[in-house]
Amino acid sequence: MKKRAIYTVVVVVLCAMIAISGCSTKGPAEQAEAPAPDNNSSAPASESVVAEAPASEAPASEAPASPATEAPASPSSVENSNPDLDGIDLTGKTPDGKQIVIGYNAFGDTSDFSKELTKGLISRAEAAGMKVLRADTGGDASTAIKNVDSFLTQGANVIIDVSWDLSACEAVAQKCKENSIPCIISDIPVETEGTYYMGVDNDGVGLTTGHSAAKYIKEKWGGQLDFLVLTYVEAWGDGVRPRVAKVVDALREDGIDIPDDKIIYIDPQTSDSTVVCKQKGTDFLTAHPDAKHILFVGCNEGSAQGLLAAVETSNRVSDSLIVSVDLTDMGISNLYKDDNCWMGSTAFFPENYGAVLVPMVQAVIDGKKINLIQPAQIKFVDRTNIKDFYPNPNK
């Protein structure tokens with residue numbers, strides 16, 4: 001009897017141990033799986049990825065296709081998004097601990113775009129502890145090369161060129177290659193091996209501008225278009241041409257019929273193009289007094305301002321629509337007015353170029369591998385959304 005009691009106790013203890021062991025094996029598995037339903041129920045998978053991890057850490061299939069378009073719409077927070085620059089430590093130092101020195105070829109403050117780009121670049125570079133040597137080129141190749149020689153003499157580690165002239169940019173890129181110094185060209189693509197490009201996707205600019213223009217043509221003129229007048233500075237080279245040429249493709253995709261013989265090109269011959277475009281725009285309007293549906297496309301704000309002046313002084317506002325690219329003070333001011341035919345501009349946000357250029361400089365100096373092409377954000381801005389990006393300068 002005593003033995004049976006002992007046997008019974010042993011059996012009970014063994015059963016209890018087995019039960020406990022089974023529970024402990026099953027428990028962690030259930031706990032590991034539990035968070036997944038909670039995360040899925042609180043937000044869609046794509047939202048949880050954006051909220052919990054930077055784009056560069058998210059799986060490629062889940063990352064947003066174009067992070068730049070997700071940026072909040074305000075001048076202080078509209079930043080360029082370049083995943084391979086995420087996490088760059090802006091020390092402002094070379095690997096041997098010396099201060100990074102940037103040789104910066106600016107176009108010059110006669111251009112509002114150049115002025116804003118320069119201001120943003122220098123402020124961000126200096127905040128990162130870098131030194132900026134600045135000299136203007138005005139788009140002149142010989143001046144650009146002289147500046148680079150001076151920068152190198154002063155110990156520049158990297159060159160940033162914003163000359164906006166193909167011959168100048170190519171000369172600078174070649175000079176840097178010969179001297180084994182990194183070179184970043186802004187908004188003018190060059191083919192020099194090893195040269196970095198930071199700027200807009202020119203195909204995307206042209207298509208964005210053209211699709212937006214098609215909407216206005218349909219709303220105002222029922223889709224009729226008599227002439228398409230495009231301005232383009234030939235000195236920029238063929239790489240930039242899609243910035244306006246792709247407008248044609250976009251219009252045709254949207255059902256706007258425009259024959260090739262009704263497409264007119266105007267070459268202002270300089271980035272400072274207001275005066276030339278006013279004269280040539282006036283000449284065109286005088287030569288076509290019966291045209292009632294004319295779309296003018298400015299290759300920059302200066303050319304669009306000249307075209308607007310031509311339209312207004314010729315009393316042809318009702319016959320004309322104007323769209324442009326880059327968006328600076330002239331465009332912003334006009335979009336806050338209701339009495340003109342400047343409909344909108346594809347904005348490049350030059351004030352934020354430094355947000356890409358400075359990390360590019362640091363990455364290149366640190367020897368990190370990054371894409372040779374780093375894009376700038378673009379967005380078509382008109383009277384419906386101008387307040388989301390820039391305050392009214394007319395007040």
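Visitor: In which sense do strand E1 and strand E2 pair?
Guide: This is a predicted model, where local features need pLDDT of at least 70, side-chain atom pairs count only at pLDDT 80 or more, and totals for chains, interfaces and linings use all residues. Residues are numbered from 1 along each chain as its sequence is written, and side-chain values use heavy atoms, leaving out hydrogens and water. Helices (H or I, at least four residues) and strands (E, at least two) are DSSP runs numbered from the N terminus, and two strands pair if DSSP finds at least two bridges between them. Strand E1 (residues 101–106) and strand E2 (residues 131–136) have six bridges, and their sense is parallel.

Visitor: Which residue of E2 is the bridge partner of glycine 103?
Guide: Strands of a sheet pair through backbone hydrogen bonds, either parallel or antiparallel. For glycine 103, the bridge partner in E2 is leucine 133.

Visitor: What is the hand of the β-α-β crossover from E1 to E2?
Guide: The chain gets from E1 to E2 through helix H4 (residues 112–127). Point the strands away from you: if the path from the first strand over the helix to the second runs clockwise, the crossover is right-handed. By that test, this crossover is right-handed.

Visitor: Why does serine 180 count as exposed?
Guide: Serine 180 sits in the loop between helix H6 (166–178) and strand E4 (183–186). The classes use a 1.4 Å probe and protein chains only: buried is under 20% relative accessible area, exposed over 50%, partly exposed in between. Serine 180 counts as exposed because its relative accessibility is 69%.

Visitor: Which are the edge strands of the open six-stranded sheet?
Guide: Pairing in this sheet is mixed, and the order runs E7-E6-E8-E9-E10-E12. An edge strand here pairs on one side only, and that picks out strand E7 (263–266) and strand E12 (379–382).

Visitor: Which residue of E9 is the bridge partner of leucine 295?
Guide: Strand E8 (residues 294–297) and strand E9 (residues 320–326) pair in the parallel sense, with four bridges. Leucine 295 has as its bridge partner in E9 leucine 321.

Visitor: At about what angle does helix H7 run to E9?
Guide: Helix H7 (residues 202–221) lies across E8, E9, strand E10 (342–347) and E12. Axes are lines fitted to C-alpha atoms, for helices over the stretch in contact (heavy atoms within 4.5 Å), and angles run from 0 to 180 degrees between N-to-C directions. For H7 against E9, the angle is about 160 degrees.
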